[in-house]
Amino acid sequence: MIRSALLAGAAALLLPAAAFAQTSDADDSTAQPSPPPPPAEDNAAPETASPHADHNEDIIITGFRRNRQDVLSGTSVVSGEELSRDMRPTIGETLARQPGVSATSFGPNVSRPILRGFQGERIRILTDGIGSLDVSNTSVDHAVAINPLTAERIEVLRGPSALLFGSAAVGGVVNVIDARIPRRIPNEPLHLAGILTYGSAANERSGNATVDVPIDGHFVVHLDGNYSKTGDMRVGGFFLSPELRAEALASPDPEIRALAGLRGKLPNSAGRTSDFAAGIAWIDGQNNVGISINKLDSLYGIPIRFSLDPAVEAEAVRIDLHQTRVDGRAELDLGDGFLDLVRLRGGHSTYRHSELDETGAAGTTFFNDGYEGRLEFVQSGRGGLGGGFGAQYYHRQLDTVGDEKSLPPNATDQFGLFALETYSKGKLSAEAGLRYELQRVRAEADPVIGNPDLTRSFNAFSGSVGASFGPKSFRAGLNASHTERAPSAEELYVNGPHPGTQAFEIGDPTMAKEKSNGLELTLRSEGEGYKLGASAYHIWFSDYIYQQQTGAIVDDLP
């Protein structure tokens, strides 16, 4: 695929025109503003800085800010020029070139990350520490309602650090960090940034523009908008595998034999997405309060599943997605005591998507109302000790309507407590994490699905411990973890057809918690002109939850 990008990621427009300061995405330095700010406390960020000042890849800012070399499990950080080069319309394809990351694919518009072979409920996809608040976890054909074009930085965490965001994150956490709630005051009266991309495989065109305006020395107003559009994807070969082509050619049905020659553009894989946001923040040193709102709309097709059974009609399903989301953040600098910082983060989303047939009629519509909040207490680093603790609450109300509904109305409430303690001194780094979750999943009685009123409650305990040893030039580490994951509403209560994935899905309301134990060995080396990282891991599961074919056919679906 031929791909080009025009980037203006650090462009600044001065009114009136004058010499301007520009900062690099690769370091934490900031240009000197004029007039200079009041003196800042030691180790505190200055009041005015570039919006890109946190883009140091040696610092992990997801969760509790730490040096990357002290994070015991494998991590990936994508920012700056690398992020611009790898940018794709979906978060899965954007990250697919990172070590240990691959992606699902239902065309150029639907792709979720796969971390170490895990997807869906076993990884968490976040925006600035809060979940995507959509229904992408319910099926691989449901798009993630996070647009990578808005990202300034993407961090992928695995292992103990992932426990901060949910016991379900066995595979890890993907955190998309944007500037919709500004963290820094720009040095310029008007800060502009933009990116344009083109990809030839699906005639992919996308663009994003961002504006940050400082007001009265402490306020920053943020605006951004982006639009992307793709055509049907060109496939480098035949649609069917060699085995299926041979089977099709052996069929006595001429229409089935014709399927063996299908190649070129993949039908019904085109789509378009628009996303607009506005935010405002008050910033005073390390103290800041802000809010943002964004509106995401997307219409995309699910590639047709060509069946070799003449009785099964190929369906061209499109998904019409809409989400309105409000996010808020507050951070309070507590000074030099035991606690350094208190951070409150929350988000609310109203989401719906309809699965449209070839006539444009909605077979099923998903309505999701969700909110999530986190309260974090960050400890001051003293004597090599650090870390923090906090609480998290998540609520989701999901309902589906239509002739092809497969889920009863259901609600999920989850409350979590978590802590991560770290120690670093000399050649030794160690950390230990704990998380407790109480999850309640309730399904209302539904005559279409055929289920009674059902409620399941789960207590899940997860923990991890690990250490690394050695100089910066070569460190070896080992960590161990135990996780418990409560089954989701979809895994418990689904019972019906899903045209998007061409399956009739049946849940099990009696399922127990999924448990796992894992070990991971990490090696890191760094020297003049090179960096090297490697990890090896093994995970043992009990009560593993997965889809298994029954061999039956219902409504022409397996």
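The largest share of the nonpolar patch, three residues, comes from strand E18.

First, the basis. This is a predicted model, in which local features need pLDDT of at least 70 and side-chain atom pairs count only at pLDDT 80 or more, while totals for chains, interfaces and linings use all residues. Residues are numbered from 1 along each chain as its sequence is written, and side-chain values use heavy atoms, with hydrogens and water left out.

Back to the patch. Its members are Ile 215, Phe 219, Ile 280, Trp 282, Val 289, Ile 291, Ile 293 and Val 326, and they make about 630 Å² of nonpolar surface. Patch residues have over 30% relative accessible area and no salt bridge, with nonpolar side chains (Val, Leu, Ile, Met, Phe, Trp, Tyr) joined within 5 Å and like charges within 9 Å. A salt bridge here is a side-chain nitrogen of Lys or Arg within 4 Å of a carboxyl oxygen of Asp or Glu. Areas are Shrake-Rupley values with a 1.4 Å probe, and for residues only the protein chains shown count as cover. Strand E17 (271–284) and E18 each supply at least two residues of the patch.

Now the whole chain. It has five helices and 30 strands, taken as DSSP runs numbered from the N terminus, with helices (H or I) of at least four residues and strands (E) of at least two. Of the 558 residues, 53% are buried. The chain exposes about 24300 Å², and carbon and sulfur atoms supply 58% of that. Of the contacts (heavy atoms within 4.5 Å) between residues at least 6 apart in sequence, 66% join residues at least 24 apart.

The largest nonpolar core has 23 residues, and Tyr 300, Leu 321, Leu 492 and Tyr 493 have the most contacts inside it. Such a core is a set of buried Ala, Val, Leu, Ile, Met, Phe, Trp, Tyr and Cys residues joined through side-chain atoms within 4.5 Å. Two or more residues each come from strand E18 (287–301), strand E19 (318–333), strand E24 (428–443) and helix H5 (489–493). H5 gives the most, three residues. Beyond four places away in sequence, the residues that Leu 492 touches include Val 441, Phe 458 and Met 511. A second, separate core of 20 residues includes Leu 95, Val 101, Leu 149 and Val 176.

Next, strand pairing, which requires at least two DSSP bridges between two strands. E12 (residues 190–199) and E13 (residues 204–215) run antiparallel, joined by nine bridges, and Ala 193 has Thr 210 as its bridge partner in E13. Four residues lie between these strands in the hairpin, where Asn 203 takes a positive phi near 50 degrees. E13 also runs antiparallel to E14 (residues 219–230), through 11 bridges, and Arg 205 stands opposite Lys 229. That hairpin has three residues between the strands, and Asp 216 takes a positive phi near 60 degrees.

Last, an open sheet of five strands with mixed pairing, in the order E5-E10-E11-E8-E9. Strands E5 (75–79) and E9 (130–131) stand at the edges with a single partner strand each, so one side of each has no neighbour in the sheet. Within the sheet, five bridges join antiparallel strands E10 (residues 153–157) and E11 (residues 172–177), with Glu 155 partnered by Asn 175 in E11.

Technical notes: Buried < 20%, exposed > 50% of the residue type's maximum accessible area, 1.4 Å probe, protein only.
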